[in-house]
Amino acid sequence: MKKLFFMFLLVLAVSTVSLAVTIGVIGKSVHPYWAQVEEGVKAAGKALGVDVRFFVPAKEDVPAQLQMLEAFIAQKFDGIAIAPSDPSAVIPTIKKAIQLGIPVITLDTDTPESGRYVYIGTNNYNAGYLAGTVMKELLGGKGKVAIGTGSLTAMNSLERMQGFKDAIAGTNIQVVDVLNDEEDGARAVSLAESVLSAHPDLAAFFGVYAYNGPSQALVVANAGKKDKVKIVCFDTTADILSYVKDGVIQATMGQRPYMMGYLSVTVLYLMKKIGVQNTLTMLPKVTVNNKVDYVIDTGVDVVTPNNLTEYLNEMAKLGIPIKF
């Protein structure tokens, strides 16, 4: 934390030096979650005097991400942040950018083997484990659960599901299905309806991506099973929090997408101003397989009907009002 505080002081100091900087940020899909990331990107750009470009495809679309990444490289951007839908597919292009002297970092979801300099976002395994712990308590350690996700390749999805499964291991909670909606809201609803029909005794849904919780909540509410089927999910978009308020969703793992966007621009700005290695010396280090890595964990908030008002007040203090 002290290193990050020092980093922000340094940003304030070097930002007075005039230097044109262009930074690109590539997200995963059009959704209110990514709109919050974009707000953070734009806020940092305005504060630092940086030209920022933000792009997301309509839905999970690996070729579209790669095409935009290539475009940012061709335009010689000063830094690029990306949330790769497929961690393997982006490796050659990220390596290409770095070889050309363009720093690349990841946000929200990672690709450690690409050579990217920093990951900024949630510790997804730990967040999934926390969700599984909450689910275990809600169900009293038994019952059938269906998992909904938007990707079977993205690391954040895989890590959250693994953490969740590890948390419920050794209980009588059974995962009956994993539903991949490819970040398509209508498909997410259809899949949730199908699994609820196939398993009338379903005890709960676990929603891995921001589309999942609301889709599952809609299906549960329409089926008149609000008090019978529990929901634990991810993210704190307005539609999710509305279902939390109504008690249809029992808990959601609130990430901090605004900070992911803001910090991504800040870190890349520093890399341009003072150099990559000088910037890395100020960032939190972790050791993975005897290798030093740089990770900024933006944290998780567990939001429930009981602490919803408190959470909204805290977000408002940070300048992130959520209306629903």
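Contact here means heavy atoms within 4.5 Å. By that rule, and leaving aside residues up to four places away in sequence, methionine 271 touches Pro103, Ile105, Tyr117, Val118, Val276, Thr279 and Leu280. Please keep in mind that this is a predicted model: local features need pLDDT of at least 70, side-chain atom pairs count only at pLDDT 80 or more, and totals for chains, interfaces and linings use all residues. Residues are numbered from 1 along each chain as its sequence is written, and side-chain values use heavy atoms, with hydrogens and water left out.

**Nonpolar cores**

A nonpolar core is a set of buried Ala, Val, Leu, Ile, Met, Phe, Trp, Tyr and Cys residues joined through side-chain atoms within 4.5 Å. Buried stands for under 20% relative accessible area, exposed for over 50%, and partly exposed for values in between (1.4 Å probe, protein chains only). The largest nonpolar core has 31 residues, and Met271 is among those with the most contacts inside it, along with Ile23, Ile105, Leu107, Val118, Val265 and Val267. H10 gives the largest share of the core, 7 residues. Apart from this core lies another, of 27 residues, with Leu196, Val229, Ile240 and Tyr258 among them.

**Cavities**

On a 1 Å grid over the protein atoms alone, a cavity is a set of points where a 1.4 Å probe fits but cannot get out, and lining residues have an atom within 4 Å of a point. A volume is the space filled by probe spheres set on the points, which are joined across faces, edges and corners. There are 3 cavities of 30 Å³ or more. In the largest, 13 residues form the lining, and Tyr33, Trp34, Tyr209, Ala210 and Asp235 are the closest to its centre.

| Cavity | Volume | Elements giving two or more lining residues |
|---|---|---|
| Largest | about 100 Å³ | H2 and helix H6 (155-168) |

**Glutamate 39**

Glutamate 39 sits in helix H2 (residues 32-48). Is this residue buried or partly exposed? It counts as partly exposed because its relative accessible area is 44%.

Terms used. Helix = DSSP H or I, 4+ residues; strand = E, 2+ residues; numbered from the N terminus. 1 Å grid on protein atoms, 1.4 Å probe; cavity = no way out; pocket = protein on both sides within 12 Å on 5 of 7 lines; lining within 4 Å.
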